[in-house]
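Trainee: I have a new model open and would like to go through it with you. Could you show me where to begin?
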Amino acid sequence: MRVIVAMTGASGAPYGVRMLRILRELPDVETHLVVSRAAALTIAQECDERTARDVEQLADVVHKPSAIGATIASGSYPVDAMLVVPCSIRTLSAIAYCHANDLIVRAADVCLKEGRPLVLMVRETPLHLGHLRAMSAAAESGAVIMPPVPACYALPKTVDDVIDHSVRRALVRAGVTAAAPRAWDGQIG
């Protein structure tokens, strides 16, 4: 399985790092990583991995955001899914309106045109009407809008538990079922 992970500049870089760590544990998954310039700044602020280079070590293949001619920019290159985590409103808007000015948006556009899963873990709140319209436009094109919302039924004990559960749910939605969180076994009573 080949999965693209793109990290953009919204707060939430630990979600992207955790996703890469989970994927690294799955021997049948090849990860392609693209880290935006803004994401590199956010990584330094929010993660134990203090540089984008540290995060890049978790991926099998790393692409520069300016590498518009990279393999993942073509529909002829087989990819099983793409996740943008965290997904900034800027990136969401570019994807929604086909403004493919960098590799992240181009690879996302390729996933949409080829009918491949594209999960956008949008990190912004509160949302205004423009944000909601961009989400709607992206969803109408086939993207899955999946903000990292805590699942309290999983009884998280730490922030890491919250991040892990959200990331695993996103991976399952993208088709990486081997990363599934513990299944809900029903309510008692």
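**Strands, a helix and a core**

Mentor: Helix H1 (13–24) lies across E1, E2, E4 and E5 and runs at about 160 degrees to E1, where axes are lines fitted to C-alpha atoms, for helices over the stretch in contact, and angles run from 0 to 180 degrees between N-to-C directions. Helices (H or I, at least four residues) and strands (E, at least two) are DSSP runs, numbered from the N terminus. This is a predicted model, in which local features need pLDDT of at least 70 and side-chain atom pairs count only at pLDDT 80 or more, while totals for chains, interfaces and linings use all residues. Residues are numbered from 1 along each chain as its sequence is written, and side-chain values use heavy atoms, with hydrogens and water left out.

Trainee: In what order do the strands of the sheet come?

Mentor: The open sheet has six strands in the order E3-E2-E1-E4-E5-E6, with parallel pairing; two strands pair if DSSP finds at least two bridges between them. Strand E3 (61–63) and strand E6 (144–145) stand at the edges with a single partner strand each, so one side of each has no neighbour in the sheet.

Trainee: How many bridges join E1 to E2?

Mentor: Six bridges join these two parallel strands, E1 and E2, and isoleucine 4 stands opposite histidine 32 in E2, while valine 3 has threonine 31 as its bridge partner there. E1 also pairs with E4 in the parallel sense, over four bridges, and alanine 6 has valine 84 of E4 as its partner.

Trainee: Is E1 mostly covered or mostly open?

Mentor: Mostly covered, since six of its six residues are buried, where buried means under 20% relative accessible area, exposed over 50% and partly exposed in between (1.4 Å probe, protein chains only). On one side Arg2, Ile4 and Ala6 are buried, and on the other Val3, Val5 and Met7. In a regular strand the side chains alternate between the two faces of the sheet.

Trainee: New topic: which residues touch the most other members of the largest nonpolar core?

Mentor: They are Val5, Met7, Met19, Leu23 and Leu171, in a core of 36 residues; a nonpolar core is a set of buried Ala, Val, Leu, Ile, Met, Phe, Trp, Tyr and Cys residues joined through side-chain atoms within 4.5 Å. H1 gives the largest share of this core, seven residues.

Trainee: And what is leucine 171 in contact with?

Mentor: Leaving aside neighbours within four places in sequence, leucine 171 is in contact (heavy atoms within 4.5 Å) with Met19, Ile22, Leu23, Leu83, Val176 and Ala179.
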